[in-house]
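Morning, everyone. Please have a look at the structure on the screen. I'll walk you through its charged pairs and a few other spots.

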Amino acid sequence: MSGGCMRDRDPSHDLVERVATLVPEMRRRAAALDEDATFPTEDMIALRQVGALSIPLPADGGHQDEATDLLASLLTLTGSGNLSIGRLFEAHVNALHLLARYGTAAQRSAARKAAAMGELHALWVTDPAAGALRMTPVQDRWRMDGVKMFCSGAGHVAHAVVTAALESGEQQMAIVPMGQGEQAKLLPGQLQGMRSAVTGMVDFSGVEVGQEALLGRPGDYLREPDFSCGAWRGSAVAFGGVCALLDVTIKDLRARDRMNEPNQLARLGHAMIARETSRLWVRNAARIAEDKRVEPREAVAYVGLARIAVESACLDVMRLTQRSLGLSAFRRGHPAERICRDLGTYLRQPSPDEVLSEAASWFGHRVPHDAP
Ligand SMILES: Cc1cc2nc3c(=O)[nH]c(=O)nc-3n(C[C@H](O)[C@H](O)[C@H](O)COP(=O)(O)OP(=O)(O)OC[C@H]3O[C@@H](n4cnc5c(N)ncnc54)[C@H](O)[C@@H]3O)c2cc1C
């Protein structure tokens, strides 16, 4: 039932088919890329060649549901191939989404052309505890100083959307072409998983950008519902990871002739339920997040619940898999070990407690006091 992660796709959609054909190769290459913490250059080229890097996004307008379902399918497929590739693709899409929302016509067009040529975009918004990125005006240009943390694709992407503090303290987005003197560095302590997403820190001190680099107005990055609703895209990638983990588990149990034992089957059944739970949440969250007719606070709360639901489902599948495969799931070289390491790392997204309690509060207050 490896097709469980692809059931929503429209079979007539060529691009989904083309990306699906890349998945076996992504899976085959994943172990070596993880071992060396290497950027997946060949896989990203393959994604560019099939047209995945320049797909129409829901934020571009046009057929909303079609674009949303297409994007969800591609995020899940890339995640099922290799979670690090899914993360890089997600980051690229997140940056293009912001450009579609807040960019000028010239910025949008330049980004589209660059993406079609295979130039990857990143979104780097996380600041270190000290030395956060800031921007100060120098005549008609802007000088950058400081660092961004947890930058996926550091040293490999062509453009980064970053947030930087202005003198007023507000956060301003900028689209920065790479190769202007910024320095990509390793994190002080490396992440255990997602090694081929090459997540490092980038020091922008001394980089200067022109007025044309400013994206939107101060505060736009945090503007809801886009700020929170974008989380559905990460959940779609994580769901792909669960699909891959289940495929690997089934393959291993079959190979060892252990699948038909009742306890193994029960765990498999529970893992399949968790996978389907993720699929349903991702599908609904994607549609709700990208539908501008939905009340923004409702959309944010729904996507918040979806994010936590998918996180829980992923953790359940990891636990079940590890119990089913035993120590094999902890041996270097076994794909389940790598996928669990990647998924466990990738699931650490910001402020899960706040997201859950705010969503619960929103829906909790929707119930009328006089409800029977
Ligand atoms: C593989 C990977 C790639 C990434 N790539 C990028 C990237 O390209 N660009 C980018 O900008 N970022 C990136 N990030 C960083 C990501 O966006 C988050 O910033 C990061 O994952 C937050 O992790 P955290 O668990 O430390 O979050 P935290 O928000 O610190 O949460 C940790 C725990 O603390 C709780 N908590 C949070 N705030 C408080 C508080 N004030 N008081 C008490 N408890 C609190 C949370 O609920 C949670 O339980 C990446 C992360 C990963 C894992």
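First, a definition. A salt bridge here is a side-chain nitrogen of Lys or Arg within 4 Å of a carboxyl oxygen of Asp or Glu. Keep in mind that this is a predicted model. Why look for such pairs? Side chains of opposite charge can pair when their charged atoms come close.

How many salt bridges does a search of the whole structure find? The count is 28. I'll take three of them.

Start with D127 and K148. Their side chains meet in a salt bridge, 2.7 Å from N to O. D127 sits in the loop between β1 and β2, and K148 in strand β4, so the pair ties together parts that are 21 residues apart in sequence. Now, buried or exposed? K148 is buried, because its relative accessibility is 0%. D127 is partly exposed, with a relative accessible area of 28%.

Next, D60 and R112. Here the closest N and O atoms are 3.0 Å apart. D60 counts as partly exposed because its relative accessible area is 37%. R112 is partly exposed too, at 26%.

Third, R29 and D43. Their closest N and O atoms are 3.2 Å apart. R29 lies in helix α1 and D43 in helix α2, so the pair ties together parts that are 14 residues apart in sequence. Both residues are buried. Salt bridges that share partners join E25, R28, R29, E42 and D43 into one network.

Stay with helix α2, residues 41-49. Which residues are buried there? They are D43, M44, A46 and L47. These residues cover an arc of only 155° around the axis, so they are on the same side of α2.

Now a patch on the surface. E224, D353, E354 and E358 gather there as a patch of negative charge. E224 is in the loop between β10 and α6. Its relative accessible area is 40%, so E224 is partly exposed.

One last stop: T68, in helix α3. T68 is buried, because its relative accessible area is 0%. T68 and L268 are 200 residues apart in sequence, and 30 Å apart in space, C-alpha to C-alpha.

Conventions
Residues numbered from 1 in each chain as written. Predicted model: local features only at pLDDT ≥ 70, side-chain atom pairs only at ≥ 80, totals over all residues. Heavy atoms only, no water. Patch = residues over 30% accessible without salt bridge, like charges linked within 9 Å, V, L, I, M, F, W, Y side chains within 5 Å. Areas by Shrake-Rupley, 256 points an atom, 1.4 Å probe, with all protein chains shown as cover. Lys, Arg positive; Asp, Glu negative; His and termini not counted. Charge placed at Lys NZ, Arg CZ, Asp CG, Glu CD. Helix = DSSP H or I, 4+ residues; strand = E, 2+ residues; numbered from the N terminus. Buried < 20%, exposed > 50% of the residue type's maximum accessible area, 1.4 Å probe, protein only. Arc of directions from axis to C-beta.
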